[in-house]
Amino acid sequence: MRQLNIFILILFTGLIACKTKNISYPTAEVVLLSENKDGTITLKSAGYGKDFQDAVTDAQMNAFDILLFRGIPGSNRFKNPIIMDENMVKNQHKEYFDTFYSKAYFNTFMVNSVVSSNEIHLEKGKKVFVDVTINTNSLLRDLEQNNIIRKFGY
Amino acid sequence: MNKINILNTILLVLVNIPLFSQNSSTNSGGQIVTVQPKIMVIPYTKEDENIRTVLEDDVNKRIAITKIKEAFDNRGFTTIDFETKLKAAKDNNIFTSDNQSDIKSQIIEFAAPDIYVEAEVYVQKKSSGNSVKVILRGNESSTGNALANKVGDSGTWYTEDIGKLSEKAVEQIVEDFLNTMQNKFTEIVNNGKSVIIDISFSGGSSYDFNSEMGDEGLPLSDLLEMWMEENAFKNNYHLQGTTSLKMIFDDVRIPLKDQSNGKNYNPNKFALLLWKYIKSLGLNPTKDLKGNTIYITIN
């Protein structure tokens, strides 16, 4: 009996460990506010997190994610994604994107970041809107220099 | 044994001497820079307009062309200057006709851009205000393949500053236009550049495309198509048509880089491959190259 209980416990633990991992994708709640002649673009981006600061950082990262991999509807220059094949490029340049997101390298292209909404309380965590201004010229140059994207031409 | 060793050594040395030695003055240590397409921005002209003077006569067109060239400059890309080439063409007396369509072709042939971007500026003046529409068309010179097309609109304003409206219309579309071109360039990088191959016989030739050749005695046209099937990049080619005396492949893809050594590849190298094959059939070909069109004449 004791052996049966141990077996059931091990089986149950194993089943829990095998459950499908939840995969979360960034939200597309990013809209164009303005596209400026100096090469900057200002986006209103939604962010989610367990606390206010997490939500703000999430909003900033979402703005870059959508600009790089989805495109910005209404933009003259960026209505199509800068990088077409997200998975392939992220796999080929793991180190760059690790630095970009985890080590907040994206901050170096963020000219301005203003929280533009009150903190929205959710069942689990917080939501906030942030107006993010990105220096797209320097972002594109950096992507070219690191061979993430090609310069104009062949 | 001694003589054999000496002979082997001599042979070994000879085999390793390259046909052409690298000049030390130009030796880059193996670095390769990808050859970029040559792009020229030209004004659109109507039948009654003279492409040789259209820019002199209209400052709004000059503003539009300059804004487009500025957009290329901002992407770090140098274009061929149309006005400089026009002046050189006049100095070289290349214009043999007054027909505007011929003149445009002659300028494009003289300047030899791989791609030309044609800018059409249309001014509308109404009592409710003025507006400018700009149509941009980017085409490959040799094949006519369209790379990008956009229409820009300045919107209607109460202003006589048509130049400013031209600028506005161009700014509205030029970045998107360049992005579309870049997508086409990516397709070219991945799937090859288009060339046209025109094969024909000289007047005195005793052969035609029905002549049976090769080990299997197949018609020449079939042998050539089979060769193209094997040698076009990623098997990507289109046969426009064949008669007994002419065979035209109107779109054959060749790689931008030699797949065996990573060096730049061009239509002339592909023409040489084809020339060698036709020669191996016992025929006597000559080859000519005009832009991205290969002409093979079999004598």
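**Figure 1. Pairing of β8(B) with β9(B) in a five-stranded sheet of chain B, shown in a predicted model.** Strand β8(B) and strand β9 (residues 246-254) of chain B are joined by five bridges and pair in the antiparallel sense. Within this part of the view, B:Gly241 stands opposite B:Ile248, the latter belonging to β9(B). The two strands belong to an open sheet of five strands in chain B, in which the order is β8-β9-β5-β11-β10 and the pairing is mixed. At the edges of this sheet are β8 (237-242) and β10 (285-290) of chain B, each of which pairs on one side only. From one strand to the next, the twist averages 15 degrees.

**Figure 2. Helices α7(B) and α8(B) lying across strands of chain B.** Helix α7 (residues 220-231) of chain B lies across β5 (193-201), β8, β9 and β11 (293-298) of chain B, and its direction is at about 5 degrees to that of β9(B). Helix α8 (residues 267-280) of chain B lies across β5, β9, β10 and β11 of chain B, and runs at about 165 degrees to β10(B).

**Figure 3. The open four-stranded sheet of chain B, with helix α3(B).** The strands of this sheet follow the order β1-β2-β3-β4 in chain B, and their pairing is mixed. Because β1 (39-43) and β4 (146-153) of chain B stand at the edges, each with a single partner strand, one side of each is left without a neighbour in the sheet. Neighbouring strands here are turned against each other by 15 degrees on average, direction ignored. Strand β2 (residues 115-126) and strand β3 (residues 129-140) of chain B run antiparallel and are joined by twelve bridges, and B:Val117 stands opposite B:Gly138 in β3(B). Helix α3(B) lies across β1, β2 and β3 of chain B, running at about 165 degrees to β1(B).

**Figure 4. The interface of chain B and chain A.** Here 25 residues of chain B are in contact with twelve residues of chain A. The area buried between the two chains is about 1,600 Å², and carbon and sulfur atoms give 51% of this area. Of the area that chain B buries against chain A, 28% is supplied by B:Arg75, B:Asp176 and B:Gln182, more than by any other three residues. Three salt bridges are counted between chain B and chain A; in a salt bridge between these chains, the side chains of B:Glu171 and A:Lys37 meet at 3.7 Å, N to O. Nine residue pairs are in polar contact across the interface, with both residues at pLDDT 80 or more. The elements that give two or more residues to the side of chain B that touches chain A are α3 (59-74) and α6 (162-191) of chain B, and α6(B) gives the most, with 13 residues. The residues on this side of chain B divide into eleven nonpolar, nine polar and five charged.

Notes:
Residues are numbered from 1 along each chain as its sequence is written. Chains are lettered from A and ligands numbered from 1 in the order in which they are written. This is a predicted model: local features need pLDDT of at least 70, side-chain atom pairs count only at pLDDT 80 or more; totals for chains, interfaces and linings use all residues. Side-chain values use heavy atoms; hydrogens and water are left out. Contact means heavy atoms within 4.5 Å. Buried area is the accessible area (1.4 Å probe) that two parts lose on being put together, summed over both. A salt bridge is a side-chain nitrogen of Lys or Arg within 4 Å of a carboxyl oxygen of Asp or Glu. A polar contact is a pair of N or O atoms within 3.5 Å; within protein, one must be able to donate a hydrogen and the other to accept it, and residues adjacent in sequence count only if both atoms are side-chain atoms. Ala, Val, Leu, Ile, Met, Phe, Trp, Tyr, Cys and Pro count as nonpolar, Asp, Glu, Lys and Arg as charged, and the others, Gly among them, as polar. Two strands pair if DSSP finds at least two bridges between them. Axes are lines fitted to C-alpha atoms, for helices over the stretch in contact, and angles run from 0 to 180 degrees between N-to-C directions.
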